[in-house]
Amino acid sequence: MPIDMKAKLADRQLSSTEAEEVLKEAKPEDVEEIVSELKIAVTAAPADALEVGTAEAQKTVNDFLGRLDKVKALPLDRTKARKPDGSMDWLSALKVGQIGDVLNKTAFSGEKVAVDGNGRLLLDEKKIDLTAPVNDAALNALFAIARPGQLDSLLPASKARLFDGLLSAVEGTLPIETGSAGKYRKTVAATATFAALATSAKSLTPAQVDKLLGLYDKAPAPLLQALIVRALDGATLDAAQQTKKAALNQPAVSAELLAAFDRGMQKTGLGAQVGLVGLAFSKDGTAITNFTTALQQYDQVDDVYGLADEEAAAALQDLETYLDGSQQFVFVFGSFGDQAVANAAQHANKRLLAKVLPQLQAANPSLEGVALSADQAKYLETILPGIKNQSALASFAGGLKNAQQMFGTLTPAAFELFKTTTTRAFERKGDNKDHMIDTWALQSELRQAFSAVNAELQPRLSSLRATPPSYDGIPLSAGAATQLCGILEKYLRSELSVANIGGALKVIALANGGKIDAAGEAQLAKVIDTYAQNWPGATVFDFNKLGRMAGFIVQGKAVPLCTINGKQVGLGDFYASVGRNVSSAIDKTKMSYEWMPERWGQRASQAAELLDVIAQQTAEGKGPITLLAQRYPDRAITVHAQGKSGAHDQFVFEVKGVGMFNQASDGAISPCRAKLSQTLFSAKVKTDGTFDVSVAPALAPSGWPLQTTYAVGDLIDIRYADPKSSTNQPVEGKPFSTKHQVLQAKIESYDASGHYTVSYKNTDGVEVKASLTLKNLEEMNNPHNFDLNGSDFSDVRIDVRKQPKLQAFIDGAKPIIQKYLPRDGSLLALTPAQLAKAQRECVGALQAYMRPLMTYPAHKGEGTMDEASKKYHDLIDGLSGWGTTPLENLLDIKRGVCRHQCIIEQILMQVAGIDSRLASGAANTMTGDFRGYHIWNELALADNARYLSDQTWNDAIIPLWTGAYGTDKRRIEMYNRTSSYAGQIVS
């Protein structure tokens, strides 16, 4: 019968009689237990500690331990017990610690880990309160004791108390609701706890085994259950316990997860702990692969391989945010991989900013050796958050040096060209997976831009600096040459600037005897000043129309302005003015959405710009107006701008008394039978290139105003039936293929009757050309539209009139829309690129708004389901046939799957005025294996670029064919599935 040392010490004393009784019965196998209980008693809180304050009590304990040491060597540190005279002070050694108190291996975070006699965990000598909310120190300590062999040297009593404490803590945690606060830390702590118990499973008591058996069904993830089973496998079980264990439904992935867990436990550093945390939430082997791939992104933060502690801490922080933000317990980690790319890049960027910002904020700012003005440095400060790391900075600075070389110094025009190109790249950085500027692509783009400009500029600069100076063969005075150099250095925007300045010089030289001297200098100055005054907000120019303006100025005439309804309008504001006139002429109460009048105005502004090109052609004796005038002399010609979808019928040319004509993309003019039902404005173009625009006082265009027409160069989707692919139902976990392919095509041309020639590469890589009608293009590319006042989609009913919570959801988004896309007419002054930027920002903000308002419900049988998830399954699983539930019911409980998240995004896109369509197909793993069917949104923005937007996977906006479908194969659209939404396509 074992010695009950705990009972003998219950009165906080060890009498001589009790010591003799113990020594009389003690056997070698009892020594560790006796010493363990003594240590617990000595190191307990003062009110409970063994009384050893008197010399007599100290002598009793020391003598007792000395004699016990002869039964079996005491598991105490003898170096702490030996006195200078060689005698042993065992009591001191007992108080200091026992062998095994400080564990052999540190925590992954590097701290020392210990277990005191009461079985309490210590991290760097600080006690861990397992009953408190789990903090980083607790997680570090728990993972430390889970390492193989860590607890082998602990005395049995300490180990028993430790295990009791661990089980008590995890009993207070499990079950964990899918939506509970701190889900991440609770789950990770339970994982480390069960792993620690499994390493010393032989020491588990029957009561502890019963607790483990009771906790199994409350464990929410496969690894947790696998670790419990591992602990039970190593423990001593009675017959009843063995029966219960045999009845456990063990995860199929147990062996794979445990093998990966064991590999992680053999590693060192906080990076190993990150990997173990990922395993705690992994669904299967694919999840392990995806998570490992994601962690490699953090390896690159320092441009050095290996997950250092700082990067690992950042990864843990990002992982906690990701996991706590989801209504799941198990993950495939596909979207985390995408987020990891951007998160790791952000961490790398912070390090770069700390290094580079001092250069830009110095008294004499510079960047990588390029001297800067204060304003240039301030601009670069706004761009630096898009530069990932030192390598990217070197590439970025290379582009800046290209700008410096254009004029030999970083002139305003050279920097402006650099700035324009760089700003576009910065605005597109959200298109990239790491949400950083692709500096290699930017450097290439800058090189091409500067190369194109330099090809035109450098020969002119050489001739300007020659003696005597000239420009395009036109002799110049020294003053004119200096003047032109200054104009180029200040105003040059592109290679067009160089050519258009040359065109204006020819007009001026023709009026001055074939050369430019003092009189020509004055005329050139007036031409440039007049041009700049028309665009007061601009700093650089392409100088379009400069030659036309020079023609009037050299004759001493005022530059004629175009008119809108008889009122002259400045050149710089003309396009937006056309748009504003059109927008204000539309009865807003008759439009489906409040943004539609403004969209019609934007379409009119775009048409006015194209009309200006036709006017320039007319001034040069070219183009459709000239052709028709030659064919039908003395006949009035009117151009009608149509708000239709196809570029072939955007303009209808009316020859009075003859009929209507369209122009094909090759310039050919053909008769048409157009009805002018969608006319936004009409114009009369004069032979000098000016024109008068007429906008009706009341307009009522019908249909959906697309962002842009279908025109040459546009990239579109087409359907392609792949004869090589299987038409069978995809099998989960198997490589995915489908006959119903969606490919990218390019519009090559169109004829006046509306047939479009497109080219694409089929799945064999063979170039194919096809002729499609405008209707074909619309079916495959036009946006969708739900009737918000009563329509069904899938299993939900949409009706804002009867669903106040749906209306409240829309109303809550309106301030966001107003922030990015204000309905005050200001959008009409934006370029398509500027408007597209605002739209992208709006989409990102709307997704942030939507994300917490509809999250995925917990799957049935996964952990302890939260109440909202239960309500979701009651609502949706209870539907039969074509049954629906009001959409507001899902908004009320804030739960929904991909189709529901897609629906609410589609609704907000409609309200915001962002063209969006639904796309459906396969959701695959990163390796291309089928996971199931999915649905997402595809957006078409003002600059004619198209993007994928997927709230489910937290992808706000990524480009379709260069990102979402070109390199990322996790979503594959299947036209047979998308075509089921044909009833919602707008026309």
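At what angle do helix α21 and helix α22 pack, and how far apart are their axes? Keep in mind that this is a predicted model. The angle is about 150°, and the axes are 10 Å apart. Angles over 145 degrees count as roughly antiparallel, so α21 is roughly antiparallel to α22. To find the pair, look at residues 439-464 for α21 and residues 478-491 for α22. Their crossing is left-handed.

Now the residues that meet. From α21 we have Leu-457, Leu-461 and Leu-464. From α22 come Ala-481, Leu-484, Cys-485 and Leu-488. Sort that contact by class and you get seven nonpolar residues, with no polar and no charged ones.

Next pair: helix α26, residues 574-584, and helix α27, residues 596-619. Here the axes come within 7 Å and cross at roughly 140°. The crossing of α26 and α27 is right-handed. Which residues make the contact? On the α26 side, they are Tyr-575, Ala-576, Val-578, Gly-579, Val-582 and Ser-583. On the α27 side, the list includes Pro-597, Trp-600, Gly-601, Ala-604 and Ala-608. Glu-598, Glu-609 and Asp-612 of α27 also take part. By class, the contact of α26 with α27 has eight nonpolar, four polar and three charged residues.

On to the sheets. A quick reminder: strands of a sheet pair through backbone hydrogen bonds, either parallel or antiparallel.

How many strands are in the open sheet that contains β9 and β13? Eight, and the order is β9-β8-β15-β14-β10-β11-β12-β13. The pairing in this sheet is mixed. At the edges sit β9, residues 567-568, and β13, residues 669-672. Each of those edge strands pairs on one side only.

Let's zoom in on β10 and β14. Strand β10 covers residues 637-642, and strand β14 covers residues 679-685. They pair in the antiparallel sense over four bridges. If you want a landmark, His-640 stands opposite Ser-682 in β14.

Last stop: an open sheet of three strands, in the order β20-β21-β22. Its pairing is mixed too. Which strands are at the edges? They are β20, at 791-793, and β22, at 885-886, each pairing on one side only. β20 and strand β21, residues 796-798, pair in the antiparallel sense over three bridges. Within that pairing, Ser-791 has Ile-798 of β21 as its bridge partner.

That's my tour. Questions, please.

Note on methods. Residues numbered from 1 in each chain as written. Predicted model: local features only at pLDDT ≥ 70, side-chain atom pairs only at ≥ 80, totals over all residues. Heavy atoms only, no water. Axes fitted to C-alpha atoms, helices over the stretch in contact; angles between N-to-C directions. Helix = DSSP H or I, 4+ residues; strand = E, 2+ residues; numbered from the N terminus. Left-handed = near helix turned anticlockwise from the far one by under 90°. Contact = heavy atoms within 4.5 Å. Nonpolar A, V, L, I, M, F, W, Y, C, P; charged D, E, K, R; others polar. Pairing = 2+ DSSP bridges. Parallel < 35°, antiparallel > 145°, perpendicular 65-115°, else oblique.
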